Amino acid sequence: MISAIDITKNYTGKDGTIAALGGVSFKVAKGDFVAVIGRSGTGKSTLLGVIGGLLKPSSGEILLDGQSIWNLDEQLRAQIRAQKIGFVFQNASVISSLTVLENVILPQSFLPKPTRSNMPRAKNLLESVGLAHRTHAYPDQLSGGEKRRVAIASALMNAPALLLADEPTGDLDSETELEIMDFFAGLWKSGTTIIMVTHNQQLSNYGNRIFKMDDGIMTESSGQTPTENSLS
Ligand SMILES: Nc1ncnc2c1ncn2[C@@H]1O[C@H](COP(=O)(O)OP(=O)(O)OP(=O)(O)O)[C@@H](O)[C@H]1O
Ligand SMILES: [Mg+2]
């Protein structure tokens, strides 16, 4: 499903140049659940942004279902993002002027052929993340963890084949965290490919593969090299 080929990413600013990714290669098969672990500042969010077509790499290539996403024009890349990729950002961004339900439905409008609002799906998703009772609230009226759960439901609205989740349970209590992880496990079982960044060692065992980031270099902790494929 995904091949990353020698990805580098440098940020250049007033502090000089920071090499966030120093040549990362791996393959992720359809149906893999990858946990990405590693210390703060080692390049995990940067990697997710590059895979998700949001952050242009300095060099290297990302193939998604054989298509080189960074060689497409912006419009096509946006289409692929809307159709295939769900993204849960580390800061759980939601739009404050939209209600919870409107936030969840929003990604539908990014599809090339917008379909009629799939209200039942949005409501089901809100129920799955335990927020059915806050459907008409605005984000300002929610706790941090509730906002995060809205962001998760919204990322899943278009039934993406690939879910990229950056610390999706970051500010949740351990009980809610387990509920969300069980929900992710169910998605995985039904065929969604998942790449999840987590600081929580225990959560990394939910998936079938663990990648470790260390100063922009990635290794696979199962002893395989990340270019080998666990399922095929
Ligand atoms: N927009 C940016 N401009 C300049 N430097 C950046 C930018 N974004 C990230 N960096 C730097 O790149 C490196 C990797 O950052 P990144 O956010 O990918 O780390 P991370 O592994 O996700 O960390 P955390 O676990 O704290 O979220 C860090 O040194 C960070 O300071
Ligand atoms: Mg991060």
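## Exercises on a predicted model

Asp 215, with a relative accessibility of 60%, is classed as exposed; buried means under 20% relative accessible area, exposed over 50%, and partly exposed in between (1.4 Å probe, protein chains only). This is a predicted model, in which local features need pLDDT of at least 70 and side-chain atom pairs count only at pLDDT 80 or more, while totals for chains, interfaces and linings use all residues. Residues are numbered from 1 along each chain as its sequence is written, chains are lettered from A and ligands numbered from 1 in the order in which they are written, and side-chain values use heavy atoms, leaving out hydrogens and water.

### Backbone angles

**Solution.** 
- Start with Asp 215, in the loop between β9 (209–214) and β10 (217–220). Helices (H or I, at least four residues) and strands (E, at least two) are DSSP runs, numbered from the N terminus.
- Then go to the loop between α5 and β7 (162–166), where Ala 159 sits.
- For background, most residues other than glycine have a negative phi.

### The sides of helix α4

**Task.** Work out which residues of helix α4 are buried and which elements they pack against.

**Solution.** 
- Pick out the buried residues in α4 (residues 119–128): Ala 122, Leu 125 and Leu 126.
- They lie on the same side of α4, because they span an arc of only 100° around the axis; this arc is that of the directions from the helix axis to the C-beta atoms.
- Turn to the other side of the helix, where Pro 120 and Glu 127 are exposed.
- Look at what the buried residues pack against: α3 (100–105), α5 and α6 (174–189). Contact here means heavy atoms within 4.5 Å.
- Finish with the two ends. At the start of α4, a side-chain oxygen of Asn 118 comes to within 3.2 Å of the backbone nitrogen of Arg 121. After α4 comes Gly 130, with a positive phi near 75°.

### A buried arginine

**Solution.** 
- Now check for a charged partner. Arg 149 is buried but has no salt bridge, and the nearest side chain of opposite charge, Glu 146, is 4.3 Å away.
- Compare with the cut-off: a salt bridge is a side-chain nitrogen of Lys or Arg within 4 Å of a carboxyl oxygen of Asp or Glu.

### Salt bridges across the chain

**Solution.** 
- Begin with the count: there are six.
- Take Lys 84, whose side chain meets that of Asp 65 at 2.9 Å, N to O. This pair links distant parts of the chain, helix α2 for Lys 84 and the loop between β4 and β5 for Asp 65, 19 residues apart.
- Check accessibility: Lys 84 is partly exposed at 23%, and Asp 65 is partly exposed at 45%.
- Move on to Arg 209 and Glu 220, a salt bridge with its closest N and O atoms 2.9 Å apart. Arg 209 belongs to strand β9 and Glu 220 to strand β10, 11 residues apart.
- Arg 209 is buried, at 1% relative accessible area, and Glu 220 is buried at 6%. Salt bridges with shared partners join Asp 32, Arg 209 and Glu 220 into one network.

### The magnesium site

**Task.** Which residues coordinate the magnesium ion (ligand 2)?

**Solution.** 
- Find the donors: Ser 45 (OG) and Gln 90 (OE1), at 2.0 to 2.3 Å.
- Ser 45 is in helix α1 (residues 44–51) and Gln 90 in the loop between β6 (85–88) and α3, so the pair ties together parts 45 residues apart in sequence.
- Read the accessibility: Ser 45 is partly exposed at 32%, as is Gln 90 at 39%.
- Keep the cut-off in mind: donors are N, O and S atoms within 2.8 Å of the metal (3.2 Å for Na, K and Ca), and sites may look incomplete because water is not among the atoms.

Technical notes:
Lys, Arg positive; Asp, Glu negative; His and termini not counted. Polar contact = N/O pair within 3.5 Å; in protein donor to acceptor, adjacent residues only side chain to side chain.
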